[in-house]
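Subject: A structure to look through

Dear colleague,

Here is the structure that I promised to pass on to you. Please open it beside this message, and then read on for what was found in it.

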Amino acid sequence: MAVGARSGHDEPEKRAGGAFGEDTTGGDVKGDEQARPPGDGTPGDGDDEAVRGPGRPPKKQRSFWKELPLLVGVALVLALLIKTFLVQAFSIPSESMMNTLQKGDRVLVDKLTPWFGSEPERGEVVVFHDPGGWLEGQEAPRPNVVQKFLSFIGLMPSAEEKDLIKRVIAVGGDTVSCKEGGKVVLNGVALDESAYLAPGAVPCQDSFGPIKVPEGRIWVMGDNRQNSLDSRFHQQLPGGGTVSNDEVVGRAVVIAWPVTRWATLPVPDVFDQPALNKAMAAVPAGAAGLAGALPLVLWRRKKQAARHTAE
């Protein structure tokens with residue numbers, strides 16, 4: 001049978017560059033390797049040489065040990081940024097917040113929201129710097145150089161000896177008080193603190209208040225009321241026992257260590273009572289009513305004076 005008989009032609013169709021099946025390279029076709037164009041990605045076809053250029057040695061991959069210092073440096077920078085702007089670990093040094101927090105617990109503190117203007121709220125557990133004189137006479141920890149460095153970059157709990165952790169009971173504008181052996185009264189509402197106070201603890205041993213918390217400050221107390229040197233015991237200091245919002249590092253949001261103690265630190269329901277805010281709004285509402293009535297009183301007096309003059 002003749003070639004091309006199946007297509008109805010007596011001879012192969014002529015194509016540009018030579019006849020069908022004809023070697024146009026000037027040499028014998030010895031297989032697929034010589035039929036492929038150079039640089040088609042097959043091994044040994046000269047692609048590496050085309051990429052790196054003629055005469056250049058192949059590029060060696062950098063060893064892991066040479067890249068390790070760079071990786072460590074990046075990790076340290078990220079840890080420092082996280083510790084500075086996002087979250088920071090703190091170690092609980094005392095029993096003042098039992099049973100919510102045990103001595104030796106590690107908590108993570110949210111430092112991001114204060115950057116956006118967030119202020120402490122009632123019921124939150126917050127870490128704050130010593131306002132001055134709160135830690136006077138207490139033995140300061142003495143971390144070694146390694147502990148200081150790891151604490152600085154955030155890989156270990158803070159070694160700062162001037163930080164405290166308490167619960168916010170009242171914020172600016174609130175009025176707080178307590179009678180000996182009784183409940184804490186906030187804006188005229190007696191608080192049921194049984195959900196977070198240490199077992200057997202009374203809300204306050206000694207009476208205090210009523211105290212009006214200045215704007216921009218907070219009144220803080222420990223959950224272990226019989227073992228907490230909080231706002232009650234620093235009323236003789238500047239601020240009257242209150243803490244400036246500027247001294248607050250952030251809110252403790254979770255117990256991160258030990259794993260058997262892992263838990264979040266939500267705001268207790270007792271601080272969600274609408275009555276707490278209504279009590280604060282009572283004074284502004286009264287002032288607004290007085291301001292609204294004043295023009296009416298003046299108008300009536302003026303009208304009466306004009307009537308007397310006409311008579």
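A salt bridge is counted here when a side-chain nitrogen of Lys or Arg lies within 4 Å of a carboxyl oxygen of Asp or Glu. Please keep in mind that this is a predicted model, in which local features need pLDDT of at least 70 and side-chain atom pairs count only at pLDDT 80 or more, while totals for chains, interfaces and linings use all residues. Residues are numbered from 1 along each chain as its sequence is written, and side-chain values use heavy atoms, with hydrogens and water left out.

A search of the whole structure finds six salt bridges. One of them joins Asp105 to Arg261, with the closest N and O atoms 2.7 Å apart. These two residues are 156 residues apart, Asp105 being in the loop between strand 1 and strand 2 and Arg261 in the loop between strand 11 (248–257) and strand 12 (263–264); strands (E, at least two residues) are DSSP runs, numbered from the N terminus. Buried means under 20% relative accessible area, exposed over 50%, and partly exposed in between, computed with a 1.4 Å probe on protein chains only. Asp105 has 3% relative accessibility and therefore counts as buried, whereas Arg261, at 25%, is partly exposed.

Another salt bridge is made by the side chains of Asp223 and Arg167 (2.8 Å, N to O). Because Asp223 lies in the loop between strand 9 and strand 10 (243–244) and Arg167 in strand 4, this pair ties together parts that are 56 residues apart in sequence. Both Asp223 and Arg167 are buried.

The structure also holds one disulfide, a term that here stands for a pair of cysteine sulfur atoms within 2.5 Å. The cysteines concerned are Cys178 and Cys204, whose sulfur atoms are 1.9 Å apart. The torsion about their S-S bond is about -80 degrees, so the disulfide is left-handed. Cys178 and Cys204 are both buried.

Finally, there is the nonpolar core, meaning a set of buried Ala, Val, Leu, Ile, Met, Phe, Trp, Tyr and Cys residues joined through side-chain atoms within 4.5 Å. The largest has 19 residues, and those that touch the most other members are Ile169, Val176, Val184, Leu191, Phe208 and Trp219. Apart from this core lies another, of 13 residues, among them Met97, Val109, Ile165 and Ile255.

With best wishes

Notes
Helices (H or I, at least four residues) and strands (E, at least two) are DSSP runs, numbered from the N terminus.
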